[in-house]
Amino acid sequence: MKIVHRYLAHEVYGGTLLVFSALLVLFGFLDLIHELESLGRGNYQLHHILMYVALQIPGHVYELFPIAALIGTLYALVQLANHSEVTVLRVSGLSAARMAGSLLRAGLLFVLFTFVVGEFIAPPSERVATQLRIHAMSAVVAQEFRSGLWMKDGSSFVNVKEVLPDSTLIGVKIYEFDANYSLRAISFAREGKYIKDNSWLLSNVEQTRFEGSSTRISNLPQAYWNSVLNPDMLSVLLAVPEQMSAWNLFFYVKHLSENKQKTSRYEIALWNKLVYPFATLVMMLMALPFAFLHTRMGGISGKVFGGIMLGLSFHLLNRVFANLGVLHDWSPLFSAGFPTALFSISLVGLLWWLEKR
């Protein structure tokens, strides 16, 4: 039986790798075509575009892997069925349940791979890609260093330690220079919130002014700051909840809860991060019934097409329930887990029906 398990795993891995490579090439090409429209904007040149497209690949890996696993597993099993190998395995005593167990064992590697990419590779890659793009297109916002985010604001330079997803600035330092490039003042604020019309409200401000040979230090509970920066400009530097890691989502949900703010969108994204890798297993098992269908019920191309439609339906259902959960304040676990649970129940019923035939 170990030989059968290894053989099935080998076929599934090969089919998934083939499909996955084709999907990544396709989506990479579409990204390239889309970005070419921005060629020449600011300093955004071809090498920037190629780097941006390359940095987007981990995000596509995370999003596409369950669909690639479905189509790849489907392709491998249909090929086996077309060569009557599935029939031989079943006659030899391999039940649908045991074949499903073999697929689950092979799919555990896919689950681990999806989780690692979604948690540790895709979020920082997406962040670097966005920073690269905005830095090449505009000289106002610079890339992020260890000391935080640096921006040029007229004759001032601004350093922000952290930008939260709601565009709140944490740890704001403003270095003001005069026309002769002499340092005129340094202001430090614990927090900055956007009001309107490029105006920010800074909290707990400590300001040091340089006046000739003397300095003057003042502490203000609040201060207004007019800047060219606005949330729209900063949003390109921020990852949407779906692109954040589960670790960052957990702490941001905690931050919102402590400040009595709405957390539903981020909680749904957090649960999606935890559930989504296991959707790969469900997608792989969804390919199993296609292998048991008789050849006259559709050739390889027809079954693969059916698998593609099934994968797209799952992806669409995930997005729909995530949005409906935010709109109607549904339970985050229900919003994130219902599509996977629905497909799992349907799969169990379908396998039971095939076994009873």
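1. Helices are DSSP runs of H or I with at least four residues, numbered from the N terminus.

2. Before going on, please note that this is a predicted model, in which local features need pLDDT of at least 70 and side-chain atom pairs count only at pLDDT 80 or more, while totals for chains, interfaces and linings use all residues. Residues are numbered from 1 along each chain as its sequence is written, and side-chain values use heavy atoms, with hydrogens and water left out.

3. Back to α7: 18 of its 23 residues are buried, so the helix is largely enclosed by the rest of the structure. Here buried means under 20% relative accessible area, exposed means over 50%, and partly exposed lies in between (1.4 Å probe, protein chains only).

4. A269 belongs to α7, which covers residues 264-286. Because its relative accessibility is 6%, A269 counts as buried. Leaving aside neighbours within four places in sequence, A269 is in contact (heavy atoms within 4.5 Å) with P241, E242 and L249.

5. Now for the surface: L109, L112, F115, V116, F120, I121, W271, L274 and L333 make a nonpolar patch of about 810 Å². Such patches join nonpolar side chains (Val, Leu, Ile, Met, Phe, Trp, Tyr) within 5 Å, from residues with over 30% relative accessible area and no salt bridge. Accessible areas come from the Shrake-Rupley method with a 1.4 Å probe. Helix α4 (96-137) provides the largest share, six residues, and α7 supplies at least two. L112 sits in α4 and counts as exposed, at 53% relative accessibility.

6. How many salt bridges does the structure hold? There are four, each a side-chain nitrogen of Lys or Arg within 4 Å of a carboxyl oxygen of Asp or Glu. One of them pairs E176 with R184 (3.4 Å, N to O); E176 is buried at 14%, whereas R184 is partly exposed at 37%.

7. Another salt bridge joins K262 and D329, with the closest N and O atoms 3.5 Å apart. K262 lies in the loop between α6 (246-258) and α7, and D329 in the loop between α9 (300-328) and α10 (332-356), so the pair ties together parts 67 residues apart in sequence. K262 is exposed, at 54% relative accessible area.

How values were computed: Patch = residues over 30% accessible without salt bridge, like charges linked within 9 Å, V, L, I, M, F, W, Y side chains within 5 Å.
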